[in-house]
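Here are a few exercises to work through with the model open beside you. Try each one before reading its solution.

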Amino acid sequence: MSKKEAIKGGEFIIRQTEANEVFIPEDFGEEPRMIAQTCQDFIDAEVIPNIDKLDAHEEGLMPSILKKAGDLGLLGVSIPEEYGGFGLDFTTSMLVADVLGAGYAFSVAYSADTGIGTLPIMYYGNEKQKQKYLPGLAMGDLLGAYCLTEPGAGSDANSGKTKAVLNEAGTHYILNGSKMWITNGGFADILTVFAKIDDDRILSAFIVERNYPGITFNPEENKMGIKGSSTVQIFFNDCEVPVENLLGKRGDGFRIALNILNLGRIKLGANVIGSAKSAINQSVQYSNERKQFKTLISNFGAIKYKLAQQVIKTFANETAVYRMSKNVDDAVKRNIENGIEKGQASVEAQREFAIEAALIKVFGSEMLDYVVDEGVQIHGGMGYSAETLIERGYRDSRINRIFEGTNEINRNVTADTLIKKGQKGVIPIFEEATKIAASLDDMPDSPQFKGDYFEDAKMIVANFKAAFLMLIDAAQNKFGRKLAREQEILFNFSDIIMESYIAESLYLRVKRLQELKDEKAASIYKDILDVYLFDSSNVVYKNGLEAIYSFVDEASQCKYIKALRCFTKVKGTNVKEARQRIANKLIDDNRYMF
Ligand SMILES: Cc1cc2nc3c(=O)[nH]c(=O)nc-3n(C[C@H](O)[C@H](O)[C@H](O)COP(=O)(O)OP(=O)(O)OC[C@H]3O[C@@H](n4cnc5c(N)ncnc54)[C@H](O)[C@@H]3O)c2cc1C
C-alpha cells in the first residue's frame, strides 16, 4: 500500500474500505497455521490436564508450564531473532494469543509474561538492557511482570505514589512504595516498575530484578476467577535499583505504560477468541448429549438461539481483531521504510490504532461474557457445577472487563481519541459530519436499497457511521470542547463507533468469503452478517436515541430521530431462520468450524 493510501487509526469512521484491503483469518498461510496447531497441542497436552492443579496453585507448576512454552518458542514469538526470539509479525502473534486464549488462567500468565511483562524492555530498553534480559525472557528462563497499579492508583495510573530517589553515590535509585494486583508477581523474575523520581509529576519506569534487596511479596490474592494465575501485592522498602535499569528516560514511564497497554488491549481481544471458541464447543457438545422431554436440548429453538448468538459474536470479534492486526503490521512496515527504528516503528503503529484497540477490548470482553454466560445456561444445573469447564470459563471471563484499562476507560478512549483526532484535523470527521448535518432536512423515511446484497450491506454500515457523524456534529455545536466531560454521551458515541467498526469488518470479511468459497458455503456467512447487522442496528438506534434525548433541543428532536430511523434501517430479514441455520451447522459439526 502506498503512503498516500495508508489507513490511519480511527479513519474507518469516514473512510470506505474495500474488501480486498482487509486481512481475514482465511488468509493465513501454512506456517502460521502450523504455529496455531502447536499452540492448540500445547493447550491440550500441558494446560487442560493440569487445570485444577494450576487453580490450586501447585508450587512451581505455572512457571514450569511457562518454561515448557518457552522451550517450544512460544514465549519468544514477538521477540526479535537477534535476542533469541522468532520476531514474527504482529498478526501471527495475535494468532498465538487467540489459540492460547483457550488456556484459562494459563492464558493470563502467558499474556502478562509475553506482553506487558516483556514488551517494555523490548520496545524501550537500550541495547545493553535488551541483551541482558530478552534472551532469558524468550526462553522462559526469566519470567516477566508489569507493576503499574497501586492501592490508590488504578484507572488514574499516573497518580501512583511509589517514589524513586537517587542515592548519594549516584549508583542506585532507592524505591519505596507498593504495587497491587500484579499478575505473575508470585514468581516473576523481572518486574517493570513504574515510579516517580523525586517530586516528578510523571512516572518513570525501572527494570527491577526479583532478588534486589528491599522487595517483599504478599501471599496470593483470593480471586473470583483465573485462580491459577498469580496475583500479588508487592512492597518496595528502600529497594536498590541500579541506575542503568532506568527504562527509557526519566519521565518516560507514563508514555511507556500507556503504549504497552494499547498492545495489551488488542492482545486481550485476540485471547477471548480462543476462550469463546472453547466455551462454544463445550456448549454445543453438551447440548448434543443432554436430553430433556425425550429430545436433545440442541433441538430446542431457545438453545439454537443461544448457540447462534455465541457463534455470531465470536466470529465478529475475530474478524475485527485480524483486520486491525494487519493494519498494524502494514503501519510497522511503512514506519520502517520511513527510517524509524524497528521497536519504535512497532510502538508507533500500535499507538496509531489505539481507537481500534480500545473498542476491540470492550467488544471482545463483553462478547466473551455473553458466550460463557449463555454457555452456563445451556448446561443448566451442570453449568453451576465446579466440575465443568464452563463454570471456570464463566468466572475467568469477568476480569477481562476490568484489566488492561476498564471498559469504562476504554469506551472513553474510543470516543475521546476519535473526537480529538477530528478536532486536531488528523481525520476530517467534522467536515464529513457537517455534510451529513446539512442533508438532514431532506432525509427519506428509509434508505434506498438497491437489491444487491453486498451493496446494501455496505450502505447499512455507511449509515451507522452517518448516525455517529450526525450526532457528533450536533454535540460539537452544543458542547464544544466541554464534550469531553459528557461521559454518558461519549459512551453512546463509543458504542456506535464500535458497532460501525465491527459491522464493517464483518461485511468486508463476508464479501471476501463470497469470492473465496462457493455460493452454498458462503451462505452461512451471509446469515451471520444479516443477524449481526440486525442486532447492531438496534444498538446504534438505542444509543443514538439516548444521545438525541439527552442534548438535542426539543424543536429539532423529530428531525434527528427521523434521520436516525433511516440510518438504522436494515432490510427485512428472517433472523430466526438465519440463526437456526447457523446453530444447525454448529450442531452438525459438534464444534466451532466457521
Ligand atoms: C486479576 C487482576 C490482575 C491484574 N494485573 C495487573 C498487572 O499485572 N499489573 C498492573 O499494573 N495492574 C494489574 N491489575 C490492575 C488493573 O489494571 C486495575 O484493577 C484496573 O486498571 C482498575 O483499577 P482499580 O481496580 O483501581 O479500579 P478503579 O480505577 O478504582 O475503578 C473503579 C470503577 O470506577 C470506574 N472509573 C474509574 N475512573 C473512571 C473514569 N475516569 N471515568 C469513568 N469511570 C471510571 C472504573 O471503570 C471502575 O468501574 C490487575 C487487576 C486484577 C483484578
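**Exercise 1.** Does Lys333 count as buried, exposed or partly exposed, and why?

Solution. Some ground rules before the steps. Residues are numbered from 1 along each chain as its sequence is written. This is a predicted model, so local features need pLDDT of at least 70 and side-chain atom pairs count only at pLDDT 80 or more, while totals for chains, interfaces and linings use all residues.

- Step one: take the cut-offs, with C-beta atoms placed from the backbone: buried means 20 or more other C-beta atoms within 10 Å, exposed means 12 or fewer, and partly exposed is in between.
- Step two: Lys333 has 14 C-beta neighbours inside 10 Å, so Lys333 counts as partly exposed.
- Step four: check Ser346, 13 residues away along the chain; its C-alpha atom is 8.6 Å from that of Lys333.

**Exercise 2.** Which residues come nearest the ligand?

Solution. 

- Step one: the ligand has 19 residues around it, and Gly154, Ser155, Trp181, Thr406 and Glu408 come nearest (near means a C-beta atom, placed from the backbone, within 6 Å).
- Step two: strand 1 (144-147), strand 3 (172-183) and helix 13 (407-423) each give the shell at least two residues; strands are DSSP runs of E with at least two residues.
- Step three: by domain, at least three shell residues come from each of domain 2 (146-251) and domain 3 (254-318 + 345-409), with bounds from an automatic or database domain assignment.

Conventions. Helices (H or I, at least four residues) and strands (E, at least two) are DSSP runs, numbered from the N terminus.
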